[in-house]
Amino acid sequence: MMRGIAAMLAGLLVVAPSTPRVKTLAGSVTGTITFTGTPPKMKPIDMAKEPSCAKEHATPVETETVVTGPNNTLQFVVIYVSAGDMGTAATQTVKFDQHGCQYLPHVQAMHTGQPLEITNSDQTSHNIHPLPSKNPEWNKSQPPGAAPIQTKYDNAEFIPVKCNVHPWMHGYFAVLGTSHFAISGTDGSYTITGLPPGKYTLTAWQEKFGTQTQDITISGSETAKANFVFKATPY
Amino acid sequence: MGKLFAAIVAAIALVSAGVFVARIWWLPPDISTLGPAIDRQIVETMVATGVLFVLAQLALAWFVWGTGDEKNRRPIKRFPGGATPLVVIACTIVGIEIITLTLIGSKVWARIFLEPAPPEALHVDVQAGQFAFYFRYAGADGKFGTPHPDKIDEGSGNFFGLDPASDTAARDDIVSAELVVPVNRPVLLTLHAKDVSHSFFVPQLRLQQDFVPGLDIPLHFTATQVAKTEIVCTQLCGLGHYNMKTYLEVKSQADFDQWLKDQAAQQ
Amino acid sequence: MTTISTPHEAAVHHHAPPDSFIRKYVFSLDHKVIGKQYLGLALVAVCTGMVLSWYMRLHLGFPDAKAPGLGLITPEQYLQLMTMHGTIMVFFVLTTAPFAGFGNYVLPIQVGAEDMAFPRFNMMSFWVTFVAFAILVASFFVPEGPALSGWTAYAPLSAVGKDAGPGQGLGQTLWAFSILFFCIGQLLGSLNFIATTLDLRTKGMSLARLPYCTWAWFITSVIGLIAFSVLMPACVLLILDRVAGTSFFIPAGLVVSDRLQNHGGGSPLLWQHLFWFFGHPEVYIAILPGFGIISTILPVFARKPLLGPNVFLACMVAIGFLSYTVWGHHMFLSGMSPTSATIFSVPTLIITIPAAIVTLLWIGTVYGARLRFTTACLFCLGFISVFVTGGLSGFFLAQPSIDTYLHATYFVVGHFHFVMGVAAMFGIFAGTYYWFPKMFGRMMDERLGKIHFILTLIGVYAIFMPMHYLGMAGNIRRYSSFPADYMGVDLPVHRWITIAALLTGAVQLIFLYNLIRSRFAGEAAPDNPWQATSLEWSTTSPPPFDNFGGRHLVVAHGPNDYGVAGPDGRDYIMQAE
Amino acid sequence: MSTHVVSPARTGVWAAIGAITMSFAAYTSALVVRAGDSADWVHVHLPWLVYANTLTLIASSITLEVGRWRVSGRFDSRVSGLSLLRVTLALGLVFLFGQVMAWRMLAAQGLSLATNPNASFFYVLTAVHALHLVGGLIGLAYVIYRARLSAFPSPGPVSASTLGAVALYWHFMDVVWLYLLVVLTLWL
């Protein structure tokens, strides 16, 4: 009897890909990003030049090149599938805001061709200047109250973003060829869900420490584990 | 028609001059040792040119007012003495102004740009880039680290392209976005630009000097009052030019030392 | 010294009257058509430039206002408007209209020639200039728009390419090419003016008998010949730095937009020197024709000779020479050696002496005159007033030690707009109202003209005088807005200027209407409506194709014989009676 | 001076000479400044060919002068004079071709326009001179064409004065070239 049910389930699995119900059977991967060694000291940002932003922050914010959390965790690390099932292109709009003369979030990941909306919620005029190498380059100012900038990138690459008016403002667009990606949070943890069974290569990218890869296999609806450890240097 | 023109020109001349005299819009109070000399020269020039301005406009208005027209065929009058007196007048008046102004002016100019900074001057390294100023103090060792353009990384706050890994002098350099100086102490700035031409202008110091990429330009001043005032860029440097500014804070020596200590802790 | 041209040269017309429309009105060799073409180009350019300035003023006075067609003006858009306004006005209006425009039309007639010395060069001169303008306008329509580095295009901002900001890519390259072509056009024009003035004068027209505006155009063309042949190399080197990767103006180790520039060893100051060696004489290229026009027109309506004509000519020559010794006063604070600043300030102050003398001569001419208040006459008087105003504010900027405060403030903007902008424009207006009857055979409407003058005079003072006050308060030019800084308090002044500018701009519509209406419906003009002496009034209005209908005038008098006992009861003697 | 036979062409050429002198003065000052305040100023060997080209250009001036003298001379000498003008034209073309070869030689050394400032100035100055020389060639071609029409059987004064103007310009091009040669050898 039990065997019969098992057989039925197996049968379902075989026809799985075509039927939506199977999505529930997709697995996921989770893990934590940490570092060893001494990371560079993040410097407080002096916004003296821009009073309207300076007064947004009670204590001066720090640079975000290497953002560490408790027990040597790393924030703003992009983890994505670099080989294996790439998923389907995401269509919902990705938001990138300028607030308090900072980029929120510091790193924004998106699928190639995914709509990107850039807004300015400051009382000062910003200038958004992404510096791509594989995508067309543009450089636009966005005065307070101006309409959001709608755009998208068609080629996968990590694009540094800078504000020409406020030199300290730097961020990244992670334009990826996959919809399976995540960005590590304040505790350095991440989770990528909705991975159909199969073999995967995971890549973790940190703007200063570069990339690392791991191979994982998803056989069913289980949650795989993949931790990454970066080697940090003070300078 | 002539009388109307004369009236308008006269009115314009008097109103324009009046606003200057009333000093409705005037220079901000000066806080530097150079200020008084420069202000005096501006005032002297203002008086000299102001008088000429009013005289010339009123003369024009008066002559036009008094001109005959087709109806009363008043005989045409030649200017008494012809051109010669006018040439003499112009040469003498303008000549005198030129000589006096140049004599006074060149002295002031020399004090700003020709005299070297006194040896006890506080040395600050100033870098201008699109679109912000950054100021560097030598730190405890009194030595500046060598800047490397290729190492500039604004995202992680390395605006000068310092290389603390290999350059020990760079490790204790203090970088600030504001210029903070002690009062009544000569300050020697070294101006260099990261990308394009910029300019360093502090209205209250009556001091202005361009940054030229590729050059290190010295500039020295002494602030005479504790104050906080603005530093602005006056050389067109790109889209953020209008927003390229920061503050000059003149503190008492004690406050300055304290500030320097706090900054050193943050680096 | 008198140069008698052999009839052989002066008589033969260099080309037969064309019949096809193209040869007659488009690629015409006739100096009169080319002159009108230049004036037409200048008219289009001045309208464009003025509209651009309205957008700038709108943004400065009302930063949150949505500009028609542009919406909320961004900082880069503001700088692009500013750059194009400056470039268009200085090159395509103040150089083309008073010099190339009126010069082309009037000079050959005033010397008694049938055409310019080199009609083909003359035609090329215009069409090259036209191409230059087309290239400049084209840069509005390229991605990221036109250049934003100002009409002075300081390197390295202008040299490093697109990293320097929007418009610094293709837009700036087009700018450089446009100016290069413009130089070529003006050089061809100058050659013509010089050869025509020296070699094609009719019998009896000695240099001493040349009308003062012809003298002014001649001196201007000599200045232009030198100035533009220096700007041209500068443009070539700039273009090479931009497109060929050379490093004439770009020093090593520049990091622009986080990118380390692959250049080295260049000198930014080199550009400034080359540019201003052209740039300051350019100011006199713009204003000397105005000098000539005023000195020619004023006596006509004062009905008395110009006071001290020889002194006047001497002053113009002196200004021409001195204009090449003063360029450094634009660079007092540029990092050039401070000693040379003091050296440059001296000739800069000295050049005010001939300027002052000329002004006094005009005022002395007005003294005791029996003025006929035509619009042309009024614009001459207005010219004197604004030239005095602009000239005197130059006293401040000529002194390095004062420049340390006033440099790059609105004081400078007010100064040069009065002395080279408004003054030159008044010269152009005077010339237009004066020569329009000769050019089109119809009179302009004097009533509209006078309204136009009075409102314009008040308007320009309302616009540019307050800029001096802003300058005293340390308000910096070339700022797209004044956010939360010490200049914020000056906003009301900027509002006032903006409103004045928009109104004064609207007043110019009266002039445009007057032009168009008079062109088609103005009353017919006699040959010599103003009772003037120079040769263009000895022929029909408009003149025939060869200017004098085959007659060869013999000149027996100078241009200055007003208020004298002339033949048949006239109070003037024409040059060719 | 009391009277003189006016020739706008000559006046024009003199004015042009003034302008061209100014613009080469500008290039020179640029070169001097650039050489003065730069660390990257290295020595560049001029290709030997430029000296050969110099001889060609000087030769062209001589043939031009002789040609002029003959064209304005007795009838039987005019034919040879005209052909000498053609020789001048040819020599000018040879010079230009030689300059192009010289650039090729420099490029073969791995020196392109942007390699170093010296190379930049060499290419720019020689190219600008070549451009001006092309103007002279056009003028020369024009007078030869005019001479065919009007100079036979009798050379009209127009073509004579134009020929004089063209010759003046052509010799000036020689002078400019010699000047450039000196500058280039001194500074590069």
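Visitor: How is chain B divided?
Guide: Chain B is divided into domain 1 (2-68 + 78-114) and domain 2 (122-266), with the bounds coming from an automatic or database domain assignment. This is a predicted model, in which local features need pLDDT of at least 70 and side-chain atom pairs count only at pLDDT 80 or more, while totals for chains, interfaces and linings use all residues. Residues are numbered from 1 along each chain as its sequence is written, and chains are lettered from A and ligands numbered from 1 in the order in which they are written.

Visitor: What separates the centres of those two domains?
Guide: Taken over C-alpha atoms, the centres of domain 1 and domain 2 of chain B are separated by 39 Å. The contact between them takes nine residues from domain 1 of chain B and twelve residues from domain 2 of chain B, where two residues are in contact if their C-beta atoms, placed from the backbone, lie within 7 Å.

Visitor: OK, now chain C against chain B: how many residues are in contact?
Guide: On the chain C side there are 90 residues, in contact with 87 residues of chain B. Several elements of chain C each supply at least two residues to that side, among them helix 4 (75-93), strand 3 (255-256) and helix 9 (268-302); helices (H or I, at least four residues) and strands (E, at least two) are DSSP runs, numbered from the N terminus.

Visitor: Which helix gives the most there?
Guide: Helix 12 of chain C gives the most to the side that touches chain B, with ten residues. By class, that side of chain C has 59 nonpolar, 23 polar and eight charged residues, counting Ala, Val, Leu, Ile, Met, Phe, Trp, Tyr, Cys and Pro as nonpolar, Asp, Glu, Lys and Arg as charged, and the others, Gly among them, as polar.

Visitor: And where does chain A touch chain C?
Guide: Helix 2 (51-54) and strand 12 (157-163) of chain A each supply at least two residues of the side that touches chain C. In that interface, 14 residues of chain A are in contact with ten residues of chain C, and the chain A side divides into five nonpolar, eight polar and one charged.

Visitor: Switching to the sheet in chain A, what is the strand order?
Guide: Five strands of chain A form an open sheet in the order 7-13-12-9-10, with mixed pairing; two strands pair if DSSP finds at least two bridges between them.

Visitor: Why is one side of strand 7 and of strand 10 left without a neighbour?
Guide: Strand 7 (107-111) and strand 10 (140-142) of chain A stand at the edges, each with a single partner strand, so one side of each has no neighbour in the sheet.

Visitor: How does strand 7 pair with strand 13?
Guide: Strand 7 and strand 13 (residues 170-176) of chain A pair in the parallel sense over five bridges, and the bridge partner of His111(A) in strand 13 of chain A is Leu176(A).
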